[in-house]
Amino acid sequence: ETYSELLDHYLATKQFTPAFEILERMPPTQVAFSRFLNACSERHEMERAEHAWKLMKDKGLPTTPVGYNLMLKGYGRMGNLSDALGMLRAMQNEGKGFEATESTFCSLLDANLSVSNLDGCLQVIREASSAGIAMNQVRIRRLVHSLCLQRRVEDAFWVFTEADLMEVDADVATCIDLI
């Protein structure tokens with residue numbers, strides 16, 4: 001079997017230790033590391049992702065926006081806001097002109113929502129809006145719902161208005177929350 005086939009098998013069966021050993025042995029490729037980082041972020045294995053991130057750099061592979069976004073996604077899913085923000089700062093300071101994408105902002109919004117940091121959520125929406133990046137409908141719905149639960153109706157309507165300006169269609173659930 002090839003390294004790629006072995007890596008795919010170990011990731012599919014959630015065997016991260018042998019998968020990491022394959023990464024250590026195989027010739028480094030962005031695709032292999034991206035697959036590993038994605039699997040780690042999906043399964044809340046960010047310590048392993050951090051080791052892979054370091055190994056990727058040690059093997060001389062350049063960091064990429066995809067890699068940064070996968071790390072941000074993992075931290076966001078775990079509600080680890082400080083590491084997510086640290087990764088965003090590292091991406092912005094890389095000096096390669098990496099730009100935050102919808103995925104970047106969605107990961108940051110997820111991280112803030114996971115720890116009920118609604119002010120942080122509003123800041124993410126402001127930054128995404130100023131960057132011309134639209135958030136997706138599901139995240140807008142979650143944020144509006146969370147704001148309404150906290151009786152922050154004015155903020156909820158502001159998010160609704162921003163979403164409309166970003167041409168994100170409102171759904172019935174969002175409208176019901178606002179009513």
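In the predicted model, tyrosine 68 and phenylalanine 98 are both buried, a term that denotes under 20% relative accessible area, as against over 50% for exposed and partly exposed in between, with a 1.4 Å probe and protein chains only. Residues are numbered from 1 along each chain as its sequence is written. Because the model is predicted, local features need pLDDT of at least 70 and side-chain atom pairs count only at pLDDT 80 or more, whereas totals for chains, interfaces and linings use all residues; side-chain values use heavy atoms, with hydrogens and water left out.

A search of the whole structure finds 4 aromatic pairs, where rings of Phe, Tyr and Trp (its six-membered ring) pair if their centres lie within 6.5 Å, and planes under 30 degrees apart count as stacked, over 60 as edge-to-face and the rest as tilted. One of these is the edge-to-face pair of phenylalanine 16 and phenylalanine 36, at 6.1 Å centre to centre with 85° between the planes. Phenylalanine 16 lies in helix α2 (residues 16–25) and phenylalanine 36 in helix α3 (residues 30–42), so that the pair ties together parts 20 residues apart in sequence; helices (H or I, at least four residues) are DSSP runs, numbered from the N terminus. Phenylalanine 16 is buried at a relative accessible area of 5%, and phenylalanine 36 is likewise buried, at 0%.

The rings of tyrosine 68 and phenylalanine 98 have centres 5.9 Å apart and planes at 65°, and the pair is therefore edge-to-face. Phe16, Phe20 and Phe36 form one aromatic cluster.

Note on methods: Helix = DSSP H or I, 4+ residues; strand = E, 2+ residues; numbered from the N terminus.
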